[in-house]
Amino acid sequence: LLNYDGRELEPEWQWVKKISIVYILNEKDNQTINQLKYSLRSIEYFLPWFIGTIFIIVQSINTNLSWLNINNQHIKIINPKDIVSKKIIGKYSKEIIEMYLDRIPFISERFIYLNINHYFKYYIHPRFFFNAEFFPKYNFETSLYNKINITQNIEESFLNTYEVIKDFFGNNYNRKFLYSNS
């Protein structure tokens, strides 16, 4: 990964060229917009293999994206109302939107979910986003080690849920578990 210099992808990674990238833009201040600009620019420069679609989910209609080329076929602006269930009324939090990302029209089966402050300084191989079995490596929280010290103050329901997922999908599906005590 550290030696990738932007060259052509190996045959087993050709599928990733048309993958989708998703951003959730929930603030409208200039600093947030500038972070999004830097992130999009870094994708253009340091992911030369990427020819897919970038979906930007905006939570505010007043968000100023006039600098964005609307004619660009690779960038789509999405309103949360278009993907979130009609049963949910009120302001959509980031967590609620994350549950409905699979409802984005024409999103690829596997996609890359980036925060607006994620940008790249070097060429990035797709392996950075996916593990050896081509499963996405989304890290919403910091990951714990595979071996949990049961004496830690971890809820039993969390461990039971992890065990059910591991039993259903197999040992190779989830190599680390994510836990937030908030």
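The following dialogue examines some terms used for this predicted model.

Student: Why is S39 called buried?

Tutor: Buried means under 20% relative accessible area. S39 has 0% relative accessibility, so S39 counts as buried. In the chain, 33% of the 182 residues count as buried.

Student: What makes the pair S39 and Y23 a polar contact?

Tutor: A polar contact requires a pair of N or O atoms within 3.5 Å, one able to donate a hydrogen and the other to accept it. The side chains of S39 and Y23 are joined at 2.5 Å, and this is a polar contact.

Student: Which residues does S39 contact, leaving aside its neighbours within four places in sequence?

Tutor: Contact means heavy atoms within 4.5 Å. On that basis, S39 is in contact with Y23, N115, I116, H118 and Y119.

Student: In which element is S39 found?

Tutor: S39 belongs to helix α1, which spans residues 30–46. The chain has 3 helices and 4 strands, and their order from the N terminus is β-α-β-β-α-β-α.

Student: What does helix α1 give to the lining of the second largest pocket?

Tutor: Helix α1 gives the most to that lining, with 5 residues. The space in the second largest pocket is about 380 Å³. Its lining has 16 residues, and those closest to the centre are L40, E44, I54, N72 and I75.

Student: How are the lining residues of the second largest pocket divided by class?

Tutor: There are 9 nonpolar, 4 polar and 3 charged residues in that lining. Leu and Ile count as nonpolar and Glu as charged.

Definitions and conventions. Residues numbered from 1 in each chain as written. Predicted model: local features only at pLDDT ≥ 70, side-chain atom pairs only at ≥ 80, totals over all residues. Heavy atoms only, no water. 1 Å grid on protein atoms, 1.4 Å probe; cavity = no way out; pocket = protein on both sides within 12 Å on 5 of 7 lines; lining within 4 Å. Points joined across faces, edges and corners; volume = space filled by probe spheres on them. Helix = DSSP H or I, 4+ residues; strand = E, 2+ residues; numbered from the N terminus. Buried < 20%, exposed > 50% of the residue type's maximum accessible area, 1.4 Å probe, protein only.
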